[in-house]
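Me: I would like to learn how to read a few features of a structural model, taking them one after another. Could you give me the general idea each time and then the case at hand?

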Amino acid sequence: MEVPMIEVRHLKKYFDTPKGLLHAVDDVSFKIGKGKTMGVVGESGCGKSTLGRTIIHLLESTDGQIFLNGEDITHVNRKKMHEINEKMQIVFQDPYSSLNPRQTVEEIIKEPLKLSGRYKTRAELNAKTEELMGLVGIDERLRLAYPHELDGGRRQRVGIARALALSPDFIVCDEPVSALDVSIQAQVLNLLQDLQQQRGLTYMFVTHDLSVVRHISDDICVMYLGQLVETAPAKELFAAPLHPYTKALLSAIPSTDIHSKQERIRLKGEITSPIDPKPGCRFAARCPYACENCRKLQELQELMPNHFVSCCRAKEINGL
């Protein structure tokens with residue numbers, strides 16, 4: 001059996017607040033195969049970005065385990081962390097604030113190359129920088145441009161080039177196209193897919209745009225208030241969602257079909273506080289199918305092949 005590129009087991013990330021512990025990521029487990037894309041979707045504030053940043057150690061986990069190519073990297077020393085940082089990178093949501101405004105395009109891309117110590121001469125550094133710029137479609141004439149002189153799409157290409165500088169295996173794409181115009185979004189998405197095919201990259205693609213995640217993902221995880229409520233292959237999730245929250249989420253996708261009879265599922269009720277939440281389903285307060293059993297601890301169960309759902313009534317609701 002092939003070892004997954006990324007595996008997380010019961011991963012938790014809590015933050016101390018004046019009112020108690022905020023459960024940003026709470027007992028999350030999944031695997032991402034080599035060369036595959038795992039989409040992570042959910043409402044704003046559900047913990048998607050925190051999950052990605054915890055996996056690559058921008059944030060340290062509270063509990064659980066993280067594996068890279070079968071190796072436990074949850075707690076490592078400084079030297080090992082340097083190696084891990086070369087294998088795991090991130091493309092941030094805002095391509096402007098994630099770039100140093102005082103550095104040129106060339107300097108931004110060169111920085112990780114210099115820090116790695118792999119390139120000893122200026123000629124080697126220049127050659128690698130030119131290669132990376134060409135790889136992501138940045139014109140040579142923009143070499144000495146500053147971030148404020150570029151449009152959003154070109155800025156994001158600079159961010160992607162910087163992430164690729166040390167030839168990583170795994171990249172967290174933290175809503176990389178949400179700040180871009182629709183036409184530019186398509187170009188950046190196509191670039192990411194081309195790079196994946198050329199370099200065998202593995203992606204965790206964080207987004208709230210369901211149309212985007214459907215286009216790019218092999219598998220999809222649906223998060224709600226720090227927990228996974230459903231995970232399945234992308235095509236199957238869109239064809240047959242099983243969790244009530246996923247059904248509501250997918251019903252909100254805008255459609256150009258004027259004859260479509262799909263009704264929007266309107267969620268009512270108060271959102272459960274993520275600060276010291278009680279055991280049980282966190283979606284229960286807004287779920288039309290909530291019952292007494294929903295107050296008990298919910299676990300992901302495989303209801304269909306590779307299709308996992310965290311809902312005690314999922315079989316009943318879907319007639320399985």
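Me: Which residue of S7 does Val91 stand opposite?

Reply: In this predicted model, Val91 stands opposite Cys173 in S7. The pairing belongs to a set of four bridges that join strand S6, residues 88-91, to S7, and the two strands run parallel.

Me: Which strand do five bridges join to S7, and is the direction parallel or antiparallel?

Reply: The partner is strand S8, residues 202-206, and S7 and S8 run parallel. To place that pairing by residue, take Phe170, which stands opposite Thr202 in S8.

Me: How many residues of strand S7 are buried?

Reply: A residue is called buried when its relative accessible area is under 20%. Five of the five residues of S7, which spans residues 170-174, are buried, so the strand is largely enclosed by the rest of the structure. Phe170, Val172 and Asp174 point one way from S7, while Ile171 and Cys173 point the other way, and all of them are buried.

Me: How should I read a crossing of two helices, and at what angle do the axes of H4 and H6 cross?

Reply: One takes the angle between the axes together with their approach, and then turns to the residues involved. The axes of helix H4, residues 122-136, and helix H6, residues 182-199, come within 10 Å and cross at roughly 125°, which makes H4 oblique to H6. On the side of H4 the contact is made by Glu131, Leu135 and Val136, and on the side of H6 by Leu191, Leu195, Gln198 and Arg199. By class, this contact has four nonpolar, one polar and two charged residues.

Me: Where are Asp27 and His57 found, and is each buried or partly exposed?

Reply: Asp27 is found in strand S2 and is partly exposed, with a relative accessible area of 39%. His57, by contrast, is found in the loop between helix H1 (48-55) and strand S4 (63-68), and at 10% relative accessibility His57 counts as buried.

Me: Which backbone oxygen lies 2.7 Å from a polar atom of the side chain of Thr54?

Reply: That oxygen belongs to Thr50. Thr54 itself has its place in helix H1 and is buried, with a relative accessible area of 1%. Apart from neighbours within four places in sequence, Thr54 is in contact with Leu11, Lys13, Leu59, Glu60, Ser61 and Ile66.

Conventions. Residues numbered from 1 in each chain as written. Predicted model: local features only at pLDDT ≥ 70, side-chain atom pairs only at ≥ 80, totals over all residues. Heavy atoms only, no water. Buried < 20%, exposed > 50% of the residue type's maximum accessible area, 1.4 Å probe, protein only. Polar contact = N/O pair within 3.5 Å; in protein donor to acceptor, adjacent residues only side chain to side chain. Contact = heavy atoms within 4.5 Å. Axes fitted to C-alpha atoms, helices over the stretch in contact; angles between N-to-C directions. Parallel < 35°, antiparallel > 145°, perpendicular 65-115°, else oblique. Nonpolar A, V, L, I, M, F, W, Y, C, P; charged D, E, K, R; others polar. Pairing = 2+ DSSP bridges.
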